[in-house]
Amino acid sequence: MRFLVLMPLLLPLLVATLSLLPRQWRLDRELLALVGSAGHFGAGLYFFFLVRAEGILVVDVGGWPAPYGIVLVFDLLSVTLLATAGFLGFCVALYSLGSVDPERQSFGYFPVFHLLLMGVSGAFLAGDLFNLFVWFEVILIASFVLLTLGGERAQIVAGVKYVAINMVASTLFLAAIGLLYRMTGSLNLADLHLRVQELEDPRGLVFCALLFLVAFGIKAAVFPFFFWLPESYPTPPAAVGAIFAGLLTKVGVYAMLRLFTLLFFDLRDLLQPIFLGIAITTMVVGVLGAWSQKDMRRILSFHIVSQIGYMMIGLALWVPLALAGAVFFMLHNIFAKTNLFLISGVIGRLSGSYDLRNLGGLYHSFFLLGMLFLVPALALAGVPPLSGFFGKLALIRSSIEEGAYSLAAVAMAVSVITLLSMLKIWHFAFWQPAPSGEAPNKTEVRLLVPILLLATATLTMGLAAQVFLQLCGEIAQQLLHPEPYIQAVLGRGVR
């Protein structure tokens, strides 16, 4: 049973190891990558349905019980994101087979890709702060290698910026962990929930909260720490940009949702105005940055920043509907944003450029690609009945109910500008005639399969929005009322 529970971590590690074996012993690299990512997705689905049926699952990895040992915690939020990351990993692995060049594959693309999936899975399941930090470092190392793989000048420059700012975030993260351990004597998240309530002087806890906010804010690319993202994500191949866009910033958002609702709940009145300012400025700066760009990948990168602002509304309001909307919006964004990056890769291969001024003519020659582009593009803008509409509706409704009218107005205005920028890509890439007078005529059928899978996920979330909102509502209740989490990890209730 213990080995089975560790499958979300061991399976990507096993695939990465087998991919690095000498050529005469190695299995087919591409087949191994696809089967491994499918197995990782299957493991995520298994634990999702297991937790839905039986409740929170806790595993003592080394045989030492919490709060002394390492624990993995499979609660509703973690398994939902685990299954989502598995599905995303499978789609991007499938896309990579036809898009990542043999040279990058020979330099270890697929092993590092699976190490990244392992790091993301570990971060979602970590039950203590130090192991959360370790998994963040695994993610950082793997993502840096993927970002710079190929050695192009733009990649190296972007990689240096990326790793430098993320090392600052890691340093702040580690400092916050050390300070919190000094105050409480524990790093286990469930145990910390109890111990922070016993602190007589809250000033140290406030400082810890601010350190975590800056560290995770850098990871999530919120304002004013977002500047590294639009410089980094457009530089690697489309498959790498897609997995980054779908998962990396969301791990930072996940960490904030987990820690601030579990550890810093007594600081709610202090933190809410800060999160409100972050949500508004992140949405506005991100969408204005996107509108000003001419490069398709930079437009999509700035929209990552903008959409993170919507997720911050959950913590800005700190009520069940807002948190449910934030989780729903995060799931929607993982599918839609990943898909847009994959589609941009196909457009780049067909047209030989990502500059909107050099694109055109794709609607008539690649009608299906145009329709597949509209699904995540309109979902990102919040057009009904697609998934983004229901996520934004929950967040805007919650804002109005809580009297945060300025937040609701900004969220609606940003949606309009997002729609305009998506239509700008549609106009230049698909609707206007090709600049050369001849539309591209190459076929990219095999790359459309993962795009179609992600579009189906977006449509499913929209058409079955009530089911997903109910799930996200249950997740929000677990975040705001962590008693079952504490009981499952420590075997005792909240004091």
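Me: Let's start with M183: what does it touch?
Reply: Leaving out residues up to four places away in sequence, M183 touches L199, G204, L205 and C208. Contact here means heavy atoms within 4.5 Å. M183 itself is found in helix α8 (residues 153-184). Helices are DSSP runs of H or I with at least four residues, numbered from the N terminus.

Me: Before we go on, what sort of model is this?
Reply: This is a predicted model, in which local features need pLDDT of at least 70 and side-chain atom pairs count only at pLDDT 80 or more, while totals for chains, interfaces and linings use all residues. Residues are numbered from 1 along each chain as its sequence is written, and side-chain values use heavy atoms, with hydrogens and water left out.

Me: How confident is the predictor, and where is confidence lowest and highest?
Reply: The chain averages a pLDDT (the predictor's confidence in each residue, from 0 to 100) of 89, and 96% of the residues score at least 70. Helix α1 (residues 2-5) has the lowest confidence, with a mean of 68, and helix α21 (residues 465-480) has the highest, at 95.

Me: Back to M183: why is it called partly exposed?
Reply: Buried means under 20% relative accessible area, exposed means over 50%, and partly exposed is in between (1.4 Å probe, protein chains only). M183 has a relative accessible area of 23%, so it is partly exposed.

Me: What makes A190 buried?
Reply: The relative accessible area of A190 is 0%, so A190 is buried. A190 is found in helix α9 (residues 189-195). Setting aside neighbours within four places in sequence, A190 is in contact with Y485, I486, V489 and L490.

Me: What makes a group of residues a nonpolar core, and which members of the largest one touch the most others?
Reply: A nonpolar core is a set of buried Ala, Val, Leu, Ile, Met, Phe, Trp, Tyr and Cys residues joined through side-chain atoms within 4.5 Å. The largest one has 183 residues, and F74, Y109, L129, F173, F212, F260 and F264 touch the most other members. Apart from it lies another core of five residues, including M7, L11, L32 and A43. Y109 is in contact with V92, S96, V100, R104, L146, L149, A239 and V240, leaving aside neighbours within four places in sequence.

Me: How do you know that α7 and α12 are roughly antiparallel?
Reply: The axes of helix α7 (residues 129-148) and helix α12 (residues 238-262) cross at roughly 165° and come within 12 Å. Axes are lines fitted to C-alpha atoms, for helices over the stretch in contact, and angles run from 0 to 180 degrees between N-to-C directions. Angles under 35 degrees count as roughly parallel, over 145 as roughly antiparallel, 65 to 115 as roughly perpendicular and the rest as oblique. The pair α7 and α12 is therefore roughly antiparallel. On the α7 side the contact includes L129, L132 and F136, and on the α12 side V240, F244 and L248.

Me: Why do α4 and α12 get that label too?
Reply: The axes of helix α4 (residues 76-99) and α12 cross at roughly 170° and come within 9 Å. The two helices are therefore roughly antiparallel. Among the residues that meet are L77, L81 and G89 in α4, and A238, I243 and G246 in α12.

Me: What makes α17 and α18 roughly parallel instead?
Reply: Their axes are 6 Å apart and the helices pack at an angle of about 10°. That makes α17 roughly parallel to α18. The contact is made by A379, L380 and A381 of α17 and S387, G388, F389 and K392 of α18.
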